[in-house]
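Open the structure in your viewer and keep the selection panel at hand. The tour moves from one selection to the next and says what is there.

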Amino acid sequence: MFTDPELAHIGLSEKEAKERRTAYRLFKIPMAAVMRATTLSETRGFLKALVEVNTDRILGFTGFGVDTGEILSSVQIAMLAGLPYTALRDGILTHPTLVEGLIPLFSSAPSTHNVAETKPASTARQQTTAA
């Protein structure tokens, strides 16, 4: 969506991942952590990504900030190729660009969500029987 700042989204949102009971890690940084956004004096917003726990595949991306639609394209290509998030984290990306913000995003400490809800039914039954 071309707003000011720009809103870019692809893939699953947190709400959709929770509804599907998909275990995911959430990576999120403020745009102030993106060097190019700082040099442009455009630090409003954030970058956020959902990564599948077991496969490291990117499930979704949201960017709210200067030219986040441009960042989205790189994430979309990685998603289409089925690449793990580490391909973007460990890549040598052009400096100084906004896409380079994917490195601090995917290097940030992730939080894990919905892990308990994705346990196989047999494990849940064993825990209930043991109690």
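In which segment is Pro-5 found? Select Pro-5: this residue is in the segment before β1. The model is a predicted one. Asp-4 and Pro-5 are joined by a cis peptide bond, with omega at about 0°. Another cis peptide bond links His-95 to Pro-96, where omega is about -5°. To find Pro-96, go to the loop between α4 and α5. As background, most peptide bonds are trans.

Now select β3 (46–52). Of its 7 residues, 6 are buried, so β3 is largely enclosed by the rest of the structure. β2 and β3 run antiparallel and are joined by 7 bridges. Two facing pairs can be picked out here: Arg-25 is opposite Val-51 in β3, and Phe-27 is opposite Ala-49 in β3.

Between β3 and β4 there are 6 bridges, and these strands also run antiparallel. Select Leu-50 and you will find Gly-60 of β4 opposite. The hairpin of β3 and β4 has 5 residues between the strands; in this hairpin, Asp-56 takes a positive phi near 65°.

**The helix α3**

Select α3 (68–81). This helix has 14 residues, and from its first C-alpha to its last it reaches 20 Å, close to the 20 Å expected at 1.5 Å a residue. Which residues of α3 are buried? They are Thr-68, Ile-71, Leu-72, Val-75 and Ala-78. In general, an α-helix has 3.6 residues a turn, so residues three or four places apart point the same way.

Turn to the other side of α3, where Glu-70, Ile-77, Leu-80 and Ala-81 are exposed. The buried residues of the helix pack against β1, β3, β4, α4 and α5. Just after α3 comes Gly-82, with a positive phi of about 70°.

**The core**

The largest nonpolar core has 24 residues; Leu-47, Phe-61, Leu-102, Leu-105 and Phe-106 touch the most other members. Elements that give two or more residues to this core include β1 (6–11), β2 (24–30), β4 (58–65) and α5 (102–107). α3 gives the most, with 4 residues.

Select Leu-47 and display its contacts. Leaving out residues up to four places away in sequence, Leu-47 touches a set that includes Phe-27, Ile-29, Val-34, Phe-61, Ile-71 and Leu-105. Another core, of 6 residues, lies apart from the largest one, and among its members are Ala-17, Tyr-24, Leu-26 and Leu-50.

**Two loop residues**

Finish with Ser-41, in the loop between α2 (35–39) and β3. Ser-41 is not a glycine, but its phi is positive, near 60°. Its relative accessibility is 63%, so Ser-41 counts as exposed.

Then select Asp-67, in the loop between β4 and α3. Asp-67 has a positive phi of about 50° although it is not a glycine. Is Asp-67 exposed or partly exposed? At 38% relative accessibility, Asp-67 counts as partly exposed.

How values were computed
Residues numbered from 1 in each chain as written. Predicted model: local features only at pLDDT ≥ 70, side-chain atom pairs only at ≥ 80, totals over all residues. Heavy atoms only, no water. Core = buried A, V, L, I, M, F, W, Y, C linked by side-chain atoms within 4.5 Å. Buried < 20%, exposed > 50% of the residue type's maximum accessible area, 1.4 Å probe, protein only. Contact = heavy atoms within 4.5 Å. Pairing = 2+ DSSP bridges. Expected span 1.5 Å × (residues − 1).
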